[in-house]
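Please keep the structure open while going through them.

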Amino acid sequence: MKKLIILMVAVGFAIVGCDTKKKDLTAQYQDLMKQCDSIETVHEKFTGVHNSMADEHEKFTEELEGMELQDSTVLADLAKHGVILDRHDAIIESHGELIESHKKLEADFKNLSEVEMEAEIDQIEKDFDKITSEHTVMEEEHDTMMKEHEAMRQRIAAKEEEMGEE
């Protein structure tokens, strides 16, 4: 009888311990979802900035199509920028998919086992780090492209001025 009582008490502690851990994991997940909202806001803002940059690139490319350029590096730089912007499109799309997958998980998170919860939390944290670092890189590339666009405009204006003086 004593062994049965000890066994029941041990099982009771195990159940309470598991329940506490599951509550802690759920709370940790909910904190991550608050971060997800913040990351999603930053992502949406960045998407707008990126779209503006892509529009600016397209406009600049169209402006140059009608010109006879003496500087072949301008076209090479524009082509390079186009490749970068296409890569950014793919990255931005993948970020949107990650954010959506995290949101979809929310409804079923409570039904996961502790091991599954921990694995999901670890993956979400890795995804957030990836999104944040890739946003930083893309922002830096956007800044570089804007500076290069301005430098190209200045070179073109200088060439036009030079040709006008001749």
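1. Among contacts in the protein chain (heavy atoms within 4.5 Å) between residues at least 6 apart in sequence, 89% join residues at least 24 apart. The chain follows the pattern α-α-α along the sequence, and its secondary structure comes to three helices and zero strands; helices (H or I, at least four residues) and strands (E, at least two) are DSSP runs, numbered from the N terminus.

2. This is a predicted model, in which local features need pLDDT of at least 70 and side-chain atom pairs count only at pLDDT 80 or more, whereas totals for chains, interfaces and linings use all residues. Residues are numbered from 1 along each chain as its sequence is written, and side-chain values use heavy atoms, with hydrogens and water left out.

3. On confidence, the protein chain averages a pLDDT (the predictor's confidence in each residue, from 0 to 100) of 85, and 85% of the residues score at least 70.

4. Buried residues (under 20% relative accessible area, with exposed over 50% and partly exposed in between, using a 1.4 Å probe and protein chains only) make up 28% of the 166 residues in the protein chain.

5. By the ring-pairing rule (ring centres of Phe, Tyr and Trp, the last by its six-membered ring, within 6.5 Å; planes under 30 degrees apart stacked, over 60 edge-to-face, the rest tilted), the count comes to one aromatic pair. The rings of tyrosine 29 and phenylalanine 109 have their centres 3.9 Å apart and their planes at 10°, so the pair is stacked. Because tyrosine 29 lies in helix α1 and phenylalanine 109 in the loop between α2 and α3, the pair ties together parts that are 80 residues apart in sequence. Both tyrosine 29 and phenylalanine 109 are buried, and, not counting residues up to four places away in sequence, phenylalanine 109 touches Leu25, Thr26, Tyr29, Met117, Glu120 and Ile121.

6. Histidine 57, in helix α1, is buried, with a relative accessible area of 9%, and, its neighbours within four places in sequence left aside, is in contact with Leu78, His81, Gly82, Leu85 and His149. The C-alpha atoms of histidine 57 and methionine 146 are separated by 9.0 Å, although these residues are 89 apart along the chain. Histidine 142, placed in helix α3, counts as buried at 5% relative accessibility and touches Phe46, Val49, His50, Met53, Leu85 and His88, residues up to four places away in sequence not being counted.

7. Is glutamate 40 buried or exposed? Glutamate 40, whose place is in helix α1 (residues 2-65), is buried, because its relative accessible area is 15%. Residues up to four places away in sequence aside, glutamate 40 touches Ile99, Glu100 and Lys103.
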